[in-house]
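Happy to walk through this one with you. Let's take it as a few questions and answers, starting with a sheet and ending with a pocket.

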Amino acid sequence: MKLVKHLANLGYGSRKEMMALIRNGRITDAAGGELDFDTTIAHKELRYDGKPLDPDASAVVMLNKPLGFTCSTKDPGRIVYDILPMRFRFRKPPVSPIGRLDRDTTGLLLFTADGNFLHRVISPKSNVPKVYEATLARPLTGGEATIFASGTMMLESETKPLLPAELVVTGEKTARLTLHEGRYHQVRRMFAAVGNHVDALHRAAVGGLTLGDLPEGQWRELDAQEVAKVILS
């Protein structure tokens, strides 16, 4: 892909604006050498005012989502795209969340413009586990783990039973739940079905990937080994 189009697709501006940047020497190679409009160069070798570019279309980005942000671009309130660079909203192909977290759920949220990888992660055939840490309104009764693991549990208004899920009790009112599917508000609805209410919910892992030491409200690009952990869990 030619340089001008590549930069425009990354959301840095229109093709006309990108031509102006190149003409003024603001887009260079890693050594500071100036480039032509139709230069073909590896993404990692490009610099904008001496700094590396945003992750390319094949990249996967991890965000430690704070409370109060939604994943929808149509929401009138705070959205996760407010945390990412503004340029991400104008990228082609678009940067999309891999699965979603609701406004009141915090934790690990992945983004990519790679549609093939996105569908691999969310496809039921991939069986990618998601780990959630829940804080509940009432004490656990002791029978929840058996019900969640049964493979016969039904949620209200649904006709297909849930896949078996693993529950580990971590406190009187806290638990770690591992799901192998991603239905609408699934964790909250599961606990509601056994007479409890989720006060706080945090996604701690997707596949074999965890947040590590990534601070809340921060994001970073994953390296190849980390991306592999998502699928090869």
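Two strands count as paired if DSSP finds at least two bridges between them. Keep in mind that this is a predicted model.

Q: Over how many bridges do E1 and strand E2 pair?
A: Pairing needs at least two bridges between the strands. E1 and strand E2 (residues 46-48) meet that in the antiparallel sense. One link joins Thr28 to its bridge partner in E2, Arg47. The number of bridges over which E1 and E2 pair is 3.

Q: Which are the edge strands of the open sheet formed by 3 strands?
A: The order in this antiparallel sheet is E1-E2-E3. An edge strand here pairs on one side only.

Q: Which residues of helix H5 are buried?
A: Buried means under 20% relative accessible area. Cover for the buried residues of H5 comes from elements including strand E6 (105-112), helix H4 (144-149) and strand E10 (198-206). In helix H5 (residues 186-193), the buried ones are Gln186, Val187, Arg188, Met190 and Phe191.

Q: Which elements give two or more residues to the lining of the largest pocket?
A: The largest pocket has a volume of about 790 Å³. Its lining has 34 residues, with Arg100, Tyr132, Gly182, Arg183 and Tyr184 nearest the centre. By class, the lining holds 14 nonpolar, 10 polar and 10 charged residues. The elements giving two or more residues are helix H3 (115-122), E7, H5 and E10.

Methods: Residues numbered from 1 in each chain as written. Predicted model: local features only at pLDDT ≥ 70, side-chain atom pairs only at ≥ 80, totals over all residues. Heavy atoms only, no water. Helix = DSSP H or I, 4+ residues; strand = E, 2+ residues; numbered from the N terminus. Buried < 20%, exposed > 50% of the residue type's maximum accessible area, 1.4 Å probe, protein only. Contact = heavy atoms within 4.5 Å. 1 Å grid on protein atoms, 1.4 Å probe; cavity = no way out; pocket = protein on both sides within 12 Å on 5 of 7 lines; lining within 4 Å. Points joined across faces, edges and corners; volume = space filled by probe spheres on them. Nonpolar A, V, L, I, M, F, W, Y, C, P; charged D, E, K, R; others polar.
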